[in-house]
Amino acid sequence: MKIAVIGTGYVGLVSGVCFSEMGNEVICVDKVEAKVQMLNAGQVPIYEPGLQEVMVKNAEAGRLSFTTDLGEAVRKSEVVIIAVGTPSLPSGEANLSFIEQAARDIALSMEDYKIVVTKSTVPVGTNGKIKEIIAGLSAHPFDVVSVPEFLREGSAVRDTFNPDRIVIGAENEAAAGRIIELHRSLTDNIIVTDIRSAEMIKYASNAFLATKISFINEIANICEKVGADVTSVAEGMGYDNRIGPSFLKAGIGYGGSCFPKDTQALIQIAGNVDYEFKLLKSVVDVNRDQRYNILRKLETLLGDLNGKIIAIWGLAFKPNTDDVRDAPAIEIIQELLKAGASIRAYDPIATANFRQWVDHDSIAWCSGALDAAEGADALCLLTEWQEFEQVDLKTLQETLRKPILIDGRNVYSEERIAETGFVYSSIGRPN
Ligand code: UGA
């Protein structure tokens, strides 16, 4: 199939690369010239394991190219995928201006029938708007199909080739059939719905996963008070097939470019039709508060934080990504600075991105995990990078000024900690 992908952000780039790997001819479009040049030179602007290799292979095979010329890409393709950003507006609502612009650009470029596929996460009703925009500007036939994306950062290529399901929202059976064909080799779980339900599935899925995380985080907080271990509790719950084991890892809450934005957007979507989504509002509140556990624990162990040196391990919102959008580390570090602490921070790959959000004279940007721990009054682990798990705890203890370790992701086992002299505090476990 001939495919144009508009937007080379996370979703667009990964989808474009993976569709080319499946044998399709893909042209990816971005309006930023420098990004297109970079991609044509074989460089990937995001950190995503495995993506560059697949991209270069398919570009060399002539199945994948990058351009700023949207019109040409649209004219050459049967399927046009919209994968532009839908950032949050200050109200929490999704900003649809990039989507609307893409629809106008497609309408003004097309010269024959197109299937316009929306992969961006969009509020219910947006595909209807896209249809109106295109129909208002072009006399050529087209169909709009909603195919929400469920890939995770850090395992995006693997997720794309091994999806749990593909959701296709369509009005026209023939168009749905073509999009089913495009995905048939990936999974048997292809669900075809009306367009509004497909749009809702995406938000409901992310909101449900966020709910699982906030739920287990509150259970963890209660476990700390009653002397239970949230890891065992989650394991015991997860064996129930109706609950399932995933997304029950207690920690310092979810971050990233999706859950925070999509939960807010769904609260707004509900509010717009006079429905107060009380449960989801609580999920968001619990998530914000969970980050503060780190600060509360530090204060319990160190007293006043003014003048203290705090080592921070992990700045990315989760491991295997350099993405720091809405990372708990941002708010935690800002609060520590406000309290008068100085910071020694280390992340394997996310430091440069993080410094665009928070930079301060009282933060030392360290080149390694032990370097960050050097002389610190306490260490807080905020992202569960594998290298932190593998660290030699004895050496770590000797490197810190005080042997205080606050493990925000429950990385270390009780046994390993018991062999050391650490004052150790984790999330929802007896310490
Ligand atoms: C999430 C969804 O998992 C994807 O299905 C979806 O496609 C994507 O959002 C999106 O809408 O684009 P992602 O944000 O990449 O993917 O990351 P996740 O692996 O889901 O993790 C999100 C956050 O939840 C991280 O901060 C992680 O640390 C946290 N988390 C996850 C927990 O605290 N506990 C868990 O048990 C699982």
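This is a short tour of a predicted model, stop by stop.

**Before you start**

Residue numbers begin at 1 in each chain and follow the sequence as written. Because the model is predicted, local features need pLDDT of at least 70 and side-chain atom pairs count only at pLDDT 80 or more, while totals for chains, interfaces and linings use all residues.

**Stop 1: the two domains**

Select residues 2-193 for domain 1 and 289-425 for domain 2; these bounds come from an automatic or database domain assignment. Their C-alpha centres are 38 Å apart. Where they touch, domain 1 supplies four residues and domain 2 supplies seven residues (contact means C-beta atoms, placed from the backbone, within 7 Å). On the domain 1 side, two of these residues are nonpolar, one is polar and one is charged. Here Ala, Val, Leu, Ile, Met, Phe, Trp, Tyr, Cys and Pro count as nonpolar, Asp, Glu, Lys and Arg as charged, and the others, Gly among them, as polar.

**Stop 2**

Now show the strands. Helices (H or I, at least four residues) and strands (E, at least two) are DSSP runs numbered from the N terminus. Look for an open sheet of eight strands in the order 3-2-1-4-5-6-7-8, with mixed pairing; two strands pair if DSSP finds at least two bridges between them. Which strands stand at the edges? They are strand 3 (64-67) and strand 8 (190-193); each has a single partner strand, so one side of each has no neighbour in the sheet. On average, neighbouring strands are turned by 25° against each other, direction ignored.

Next, select helix 1 (residues 10-21), which packs on this sheet and touches strand 1 (2-6), strand 2 (25-29), strand 3 and strand 4 (79-82). The direction of helix 1 makes about 165° with that of strand 2. Such angles run from 0 to 180 degrees between N-to-C directions, with axes fitted to C-alpha atoms, for helices over the stretch in contact.

Zoom in on strand 6 (residues 142-146) and strand 7 (residues 166-170), an antiparallel pair with two bridges. Ser146 stands opposite Gly169 in strand 7.

**Stop 3: around the ligand**

How many residues surround the ligand? There are 21, and the closest are Glu153, Lys249, Tyr254, Gly256 and Cys258 (a residue is near if its C-beta atom, placed from the backbone, lies within 6 Å). Helix 9 (195-226) and helix 11 (259-272) each give two or more residues to this shell, and helix 9 gives the most, with three. By class, the shell holds 10 nonpolar, five polar and six charged residues.

**Stop 4**

Six strands form an open sheet with parallel pairing, in the order 11-10-9-12-13-14. Its edge strands are strand 11 (363-365) and strand 14 (423-425), each pairing on one side only. From one strand to the next, the twist averages 20°.

Finish at strand 12 (residues 378-381) and strand 13 (residues 404-407), which run parallel and are joined by three bridges. There, Leu381 stands opposite Asp407 in strand 13.

Definitions and conventions:
Two residues are in contact if their C-beta atoms, placed from the backbone, lie within 7 Å.
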